[in-house]
Number of protein chains: 2
Amino acid sequence: MKILVLLIASAVVVCADEGMWTFDNPPTKLIQSKYGFTLTKQWLDHVRLASARLNDGGSGSFVSPHGLLLTNHHVAREQLQKSSNAQHDYIKDGFLARSQAEEIKAPDLEVNVLMSTEDVTARIEAATKSAQNPDQEFAARRKAMAEIEAESTKKTGLRSDIVTLYSGGEYWLYRYKKYTDIRIVFAPEAQAAFFGGDPDNFTYPRYDLDMALFRVYENDKPIDTPNYLKWNSKGAADNELVFVSGNPGSTQRLDTLAQLQNDRDNFLPNELKLLKSRIAVLETFSKTSEEHAREASSDIFGFQNSVKALTGEYEGLQNPRIMEKKRDEEQKFRAAVAAKPELLSKYGTAWDEIASAEKKSASRVKERFYHSTDSRLAGIAMQIVQYVVEVKKPDGQRLPGYHDSQLESLKFELLSPAPIYKDLEQARIAGALQLDVQEMDPNDKFLQTILAGRTPQQAATELVNGTHLDDPAVRKRLLEGGEAAVNASTDPMIVLAKKLDPMRRELIKWTEDNVQSVEQQAGERLGRARFAVYGKSTYPDATFTLRLSYGTVKGYPMNGTEAPPKTTFYGLFDRAAGFDYQPPFDLPSRIKEGRNKLDLSTALNFVATNDIIGGNSGSPVINKEGELVGLIFDGNIESLVGDFVYDIETNRAVAVHTAAMAEALRKLYGADRLLKELGM
Amino acid sequence: MKILVLLIASAVVVCADEGMWTFDNPPTKLIQSKYGFTLTKQWLDHVRLASARLNDGGSGSFVSPHGLLLTNHHVAREQLQKSSNAQHDYIKDGFLARSQAEEIKAPDLEVNVLMSTEDVTARIEAATKSAQNPDQEFAARRKAMAEIEAESTKKTGLRSDIVTLYSGGEYWLYRYKKYTDIRIVFAPEAQAAFFGGDPDNFTYPRYDLDMALFRVYENDKPIDTPNYLKWNSKGAADNELVFVSGNPGSTQRLDTLAQLQNDRDNFLPNELKLLKSRIAVLETFSKTSEEHAREASSDIFGFQNSVKALTGEYEGLQNPRIMEKKRDEEQKFRAAVAAKPELLSKYGTAWDEIASAEKKSASRVKERFYHSTDSRLAGIAMQIVQYVVEVKKPDGQRLPGYHDSQLESLKFELLSPAPIYKDLEQARIAGALQLDVQEMDPNDKFLQTILAGRTPQQAATELVNGTHLDDPAVRKRLLEGGEAAVNASTDPMIVLAKKLDPMRRELIKWTEDNVQSVEQQAGERLGRARFAVYGKSTYPDATFTLRLSYGTVKGYPMNGTEAPPKTTFYGLFDRAAGFDYQPPFDLPSRIKEGRNKLDLSTALNFVATNDIIGGNSGSPVINKEGELVGLIFDGNIESLVGDFVYDIETNRAVAVHTAAMAEALRKLYGADRLLKELGM
């Protein structure tokens with residue numbers, strides 16, 4: 001029996017270098033024993049306070065004492081896009097502020113720095129104790145969460161979020177210092193940052209200068225960031241221990257087999273179909289003019305990025321070896337629970353409850369994808385319609401997204417001055433409705449409400465031509481005018497949103513009652529069961545919150561040979577010439593003509609075994625001394641199954657080398673002001 | 001029924017760009033319709049006469065009117081090794097003859113140029129017609145072949161070989177002009193030719209200057225080669241039609257499923273085990289001194305090359321998708337035969353006969369691998385012992401290898417002045433016997449005869465110390481002294497060979513009677529059945545005879561992205577720097593220090609869809625004008641399953657670009673004499 005238990009335990013002992021660890025439970029012993037390095041509280045605090053979350057969906061780090069924030073070009077891309085116009089294309093041409101005065105305010109970027117964390121599991125558990133069924137428990141949990149968040153916000157003035165870890169095994173309160181005055185300092189040309197385009201995305205060897213610099217302001221002045229990471233242009237040597245501190249978005253490593261199967265059979269195929277349709281619509285739109293191409297470029301980038309990532313996940317779930325491994329893990333976990341009567345009685349039915357909820361979820365999966373207009377304006381309209389109703393309710397009873405602790409960030413986004421292109425909106429709505437019509441029943445009430453007898457194109461034209469929601473001032477008036485103003489509005493987007501709102505709410509309620517409440521309750525039990533069987537020797541699934549991963553710089557076996565630990569500028573020119581400089585392998589003229597200024601042997605990109613995933617983009621790579629040695633910008637193609645499993649043999653994080661960033665800033669961009677600030 | 005037949009036929013219609021075509025049956029129509037280019041007799045004759053077979057196991061082409069022969073460094077490697085000594089290491093340091101007088105005679109290289117071919121199927125068929133069983137047929141066929149070869153040699157003075165095509169569906173007489181005075185003109189450093197070593201072998205992107213130049217002499221003068229290929233340094237553009245003319249060694253695309261399964265289950269696992277053991281022995285030997293490392297280097301190279309290639313084949317045969325495809329093809333072929341009574345009665349049992357012969361073959365597979373001493377000296381001894389007996393028999397009754405038409409080439413090899421290193425021989429024999437003992441029964445008679453109570457090391461030491469066969473004069477005396485001299489010899493290698501000879505002969509005879517005769521006869525019938533069902537719309541399996549393949553320069557999908565159509569010198573420096581110049585990614589000082597002389601954007605290697613396989617190494621890549629645009633040196637990792645199936649999506653031939661060869665000859669090697677001769 002002892003042996004069996006040991007075998008079971010070893011089945012989930014994490015692999016070497018695996019894991020996206022919370023800062024409160026870092027793998028200190030593992031790192032000590034494998035690498036002889038001790039993580040101190042001081043080191044962890046320094047790294048945590050130097051790390052930032054960018055709410056466009058990435059990570060970053062402070063690299064000077066004056067709020068200079070390093071992230072990826074592709075994380076900065078949305079703000080660059082929103083700051084560009086027909087005259088200035090900062091995506092295509094890049095941007096460099098030659099003085100502080102030239103730094104451009106990003107329209108709607110929020111940056112968070114994690115100040116403290118607190119385990120509130122006991123308080124949530126106490127609040128849900130008297131619930132008689134999953135529905136009651138769900139409501140009680142939501143209420144308790146909203147209370148804790150509101151109380152913390154009030155007390156500390158910090159953004160306060162409850163984070164669910166270990167599928168509900170633990171609840172934590174995360175408090176962030178929040179910044180919303182973020183300015184654009186530097187971005188290279190998109191073609192320098194994203195050389196190789198969609199084909200090279202998520203692959204390695206790679207040759208990308210995927211960097212951008214923001215500066216964080218408060219009260220119109222750069223903030224002080226004493227805990228910045230010192231720039232080390234030597235970088236990390238082959239096999240050197242390095243850390244990544246960032247905000248991995250989401251993984252499903254603790255999901256049950258039923259959840260993975262539903263993903264594979266229902267969620268991912270529809271998601272991929274939808275994304276590919278979106279791309280086709282945008283590419284058609286792009287061909288109509290150069291300005292249209294500029295307007296759509298970032299959305300195309302984002303959708304293509306998702307398609308490539310999700311295709312990797314989808315193929316992972318179709319790989320029998322991977323599913324076999326997951327099945328095996330689950331069987332062992334279930335057997336361990338079944339072996340102890342007290343565990344069996346508490347947790348034994350959780351898997352089946354989740355499986356049955358997944359089945360229900362699958363029954364309405366199409367509505368989740370094909371009740372969509374893919375419209376920024378329609379989205380804003382729906383948020384305004386819901387906002388004015390929700391804010392009047394007690395906090396604990398509101399729809400997700402409208403809790404007191406969330407309102408400030410929500411309004412920041414809703415009132416963003418970023419341009420909304422009406423021609424682009426029309427094309428997207430028409431394209432999305434076309435897909436909806438193709439996928440849904442002809443009598444679908446939701447679609448009938450939108451179309452009202454019109455073709456998708458007619459509906460799109462009338463909705464977009466008639467609305468004034470592209471003006472932030474109109475949005476502001478509606479928000480401030482409350483329910484009365486909204487009810488009085490004749491804006492066609494608002495009128496439509498009001499008609500659709502009950503249907504949206506019905507689906508949200510149905511999902512809460514039939515899926516979320518069941519899965520949260522069962523997930524929480526599985527989380528506790530996992531602790532009971534395996535202890536807290538592992539890390540929770542990613543939740544777009546701050547995590548630490550560790551590993552070493554290391555090549556890997558690839559396609560019959562070895563991928564090198566690093567690449568150089570030589571390789572950038574090789575790959576460009578190998579394709580005769582044809583897009584996406586063309587070089588910006590600054591690089592092509594600047595070739596002789598560069599030391600071509602400068603390290604450009606490198607790979608490390610660190611366990612990362614989407615959301616980690618822009619994370620710093622840090623050495624033992626707490627210095628910056630690289631900038632995460634991607635995972636290799638072999639890492640895409642990392643959503644479910646991590647394999648040290650081939651899973652690699654891909655980073656820009658500090659040497660290349662310094663070389664480019666100095667010799668190509670003449671960014672002397674920044675180099676000086678970076679201590680070079 | 002019509003539809004079924006069409007479906008069947010389409011199942012073996014060759015893919016676009018597939019095929020290693022004989023010059024008598026080129027795919028003229030296919031090329032005309034796909035590429036609008038017409039192969040003329042003149043074009044084919046020009047290319048054929050510019051092409052050469054190098055009997056060390058590769059191909060080459062004439063590139064000047066004065067017998068200058070271009071091939072790969074790795075094809076020239078054996079002769080470079082045999083011409084080197086402790087003072088001059090032409091492998092490591094390369095070689096350039098600054099004048100014709102400095103050109104070094106290769107010790108034992110034979111070069112063949114195909115002068116004519118003749119279909120002799122009818123004559124062979126007539127000779128075997130009256131045979132009552134496979135054994136009789138086998139003997140009659142062997143006799144007829146020997147007669148035809150001897151008659152042709154006598155009449156034309158040309159080397160005359162019968163070639164079995166389409167598993168015996170056709171027999172052809174190939175006549176070659178044979179050259180044996182071949183001199184070494186140029187070779188780069190091995191590390192320039194084989195940069196990336198074993199890891200990069202059989203992969204792409206690649207950065208190798210895998211070239212060498214010989215010159216062919218006759219009567220101590222360079223031969224005239226009016227049909228040489230004109231050097232075109234522009235090379236071929238992306239998507240341009242190119243041809244490869246060379247001698248692919250062997251493929252198994254027409255093998256039956258039973259043959260492939262036996263390969264997979266018996267042949268390949270043992271072959272790989274043996275090769276890995278050989279490499280381990282040689283690597284241990286290499287560590288004992290620098291001179292030992294030099295002596296063993298080419299053998300290690302060869303064995304590693306084989307391991308990588310065979311591993312690719314082995315994995316191919318273990319790939320269910322590939323086996324499923326082969327199974328499907330065979331089922332359709334069998335169904336088509338079964339559908340016509342006259343075909344069924346003639347050919348219907350052939351598959352089962354082959355399957356049963358393969359089963360027999362498998363029963364003695366271990367002897368074929370582990371009755372080996374891996375010794376050049378022991379091999380020579382066995383050949384001498386057999387030679388003196390065989391030459392006295394009528395030609396048609398001799399062991400294979402001892403027919404009149406083969407004796408000249410055999411003696412050329414046996415009397416080669418190439419050095420044989422006794423310390424290396426000892427290590428190899430001891431290592432091989434160690435493996436034999438481990439794999440075979442302790443009472444194995446063959447091994448008992450060799451060991452005679454000694455340990456493998458003792459046996460190796462005594463055999464090697466006692467023999468004088470390393471002296472070519474001793475070998476000559478024995479050959480000329482005939483059976484009497486051999487019987488009188490007390491040389492321990494000769495004495496041992498005489499004891500082992502009856503056992504060797506028994507296995508040869510057993511294999512002829514139980515496997516070869518059955519498979520030849522059944523194979524011949526399958527060949528005819530294939531013609532009856534599909535016509536002669538396809539190409540025969542490779543037989544190390546001259547073939548033409550066609551295709552285009554083209555990148556391919558690789559590891560999530562695109563492999564480029566070509567690489568450049570930039571990439572060479574990138575990959576070297578990416579591994580910190582550590583072997584096998586180090587650069588010869590000539591290249592490292594010559595970097596600034598080079599135009600780094602010069603095309604270095606490129607890929608094309610042409611269907612090639614081992615033996616094609618050194619083949620010219622030729623454009624429509626019949627000019628040289630590249631030099632084949634490898635296939636990519638995806639091409640290793642090409643032994644069984646060709647897949648245009650990813651199967652690529654890898655070539656050195658003419659531009660890189662010219663750039664290196666000019667700027668790194670200062671080979672002005674050669675450049676002038678090459679017309680540059």
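What follows goes from a sheet in chain A to a side chain there, then to strands in chain B.

Some housekeeping: this is a predicted model, where local features need pLDDT of at least 70, side-chain atom pairs count only at pLDDT 80 or more, and totals for chains, interfaces and linings use all residues. Residues are numbered from 1 along each chain as its sequence is written, chains are lettered from A and ligands numbered from 1 in written order, and side-chain values use heavy atoms, leaving out hydrogens and water.

Start with the open sheet of eight strands in chain A, antiparallel in its pairing and ordered β1-β14-β13-β19-β20-β21-β18-β17. (Strands are DSSP runs of E, at least two residues, numbered from the N terminus; two of them pair if DSSP finds at least two bridges between them.) Its edges are β1 (21-22) and β17 (566-568) of chain A, each pairing on one side only. Inside, β13 (residues 241-246) and β14 (residues 547-552) of chain A share six bridges, with S245(A) opposite L548(A).

Now find R215(A) in strand β11 (residues 212-218) of chain A. R215(A) is buried, at 1% relative accessible area (buried means under 20%, with a 1.4 Å probe and protein chains only). Its side chain makes a polar contact with the side chain of E103(A) at 3.0 Å, that is, a pair of N or O atoms within 3.5 Å, where within protein one must be able to donate a hydrogen and the other to accept it, and residues adjacent in sequence count only if both atoms are side-chain atoms. The backbone oxygen of H66(A) also lies 3.0 Å from a polar atom of the R215(A) side chain.

Over in chain B, eight of the ten residues of β8 (residues 170-179) are buried. Antiparallel to β8(B) run β6 (residues 111-119) of chain B, through eight bridges, and β7 (residues 159-165) of chain B, through seven. L173(B) in β8(B) faces E118(B) and I162(B).

Note on methods. Helices (H or I, at least four residues) and strands (E, at least two) are DSSP runs, numbered from the N terminus. Buried means under 20% relative accessible area, exposed over 50%, partly exposed in between (1.4 Å probe, protein chains only).
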